[in-house]
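The entries follow the order in which I took up each topic.

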Amino acid sequence: LNGWDCGLFGGGGTLSCNADCTLDTSGCSECGNGMLERGEVCEGNNFAGATCQTQGFSGGSLFCFECDFLSTANCCNNSGGSCNPLSPGGCCGNSVCIGGMCL
């Protein structure tokens with residue numbers, strides 16, 4: 001595809017080629033239209049049923065980046081859960097990250 005992707009058409013998803021070497025945009029989606037479409041991981045606040053809990057965290061909120069990436073950066077764990085001491089906000093509530101554990 002010579003570096004081309006669905007972003008050239010204002011969306012995400014998967015660009016491919018037809019048998020006659022023309023572009024097949026049927027796998028592309030229009031990010032930002034409010035509808036979760038084929039090829040999109042998420043759309044705005046629609047995470048296709050995913051939550052921080054389904055991603056292995058205790059709480060927090062997911063974030064959708066350009067319909068292609070579901071970010072767990074704002075998810076957190078309760079006391080006793082794991083955390084990354086180099087990543088602030090990994091623990092919920094008043095818990096703090098010490099030695100890789102929320103305490």
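Are Cys 42 and Cys 64 buried or exposed? I worked from a predicted model, and in it both Cys 42 and Cys 64 are buried.

Entry 1, Cys 42 and Cys 64. I looked up the bond between them and found a disulfide with an S to S distance of 2.1 Å. The link of Cys 42 and Cys 64 is right-handed, with 85° about the S-S bond. I then placed the two ends: Cys 42 lies in the loop between β4 (28–29) and β5 (59–60), and Cys 64 in strand β6 (residues 63–65), so the pair ties together parts that are 22 residues apart in sequence.

The angle about the S-S bond is -75°, and the link of Cys 52 and Cys 75 is left-handed. The pair connects distant parts of the chain, with Cys 52 in the loop between β4 and β5 and Cys 75 in strand β8 (residues 75–76), 23 residues apart. I noted that Cys 52 and Cys 75 are buried.

I recorded a disulfide with an S to S distance of 2.0 Å. The link of Cys 83 and Cys 97 is right-handed, at 90° about the S-S bond. Cys 83 sits in the loop between β8 and β9 (97–98) and Cys 97 in strand β9, distant parts of the chain that are 14 residues apart. Cys 83 has a relative accessibility of 16% and therefore counts as buried, the limit being under 20%. Cys 97 has a relative accessible area of 27% and is partly exposed.

I checked Cys 17 and found it in no disulfide; its nearest cysteine sulfur, that of Cys 21, is 6.3 Å away. Cys 17 counts as partly exposed at 46% relative accessibility. Cys 21 is likewise in no disulfide, and Cys 21 is exposed, with a relative accessible area of 67%.

How many disulfides does the rule give? I noted a count of seven disulfides.

I found a nonpolar patch on the surface formed by Leu 1, Trp 4, Leu 8, Phe 9 and Leu 23, with about 500 Å² of accessible area together.

Note on methods
Residues are numbered from 1 along each chain as its sequence is written. This is a predicted model: local features need pLDDT of at least 70, side-chain atom pairs count only at pLDDT 80 or more; totals for chains, interfaces and linings use all residues. Side-chain values use heavy atoms; hydrogens and water are left out. Patches are made of residues with over 30% relative accessible area and no salt bridge: like charges are joined within 9 Å, nonpolar side chains (Val, Leu, Ile, Met, Phe, Trp, Tyr) within 5 Å. Accessible areas come from the Shrake-Rupley method with a 1.4 Å probe; for residues, only the protein chains shown count as cover. A salt bridge is a side-chain nitrogen of Lys or Arg within 4 Å of a carboxyl oxygen of Asp or Glu. A disulfide is a pair of cysteine sulfur atoms within 2.5 Å. Helices (H or I, at least four residues) and strands (E, at least two) are DSSP runs, numbered from the N terminus. Buried means under 20% relative accessible area, exposed over 50%, partly exposed in between (1.4 Å probe, protein chains only).
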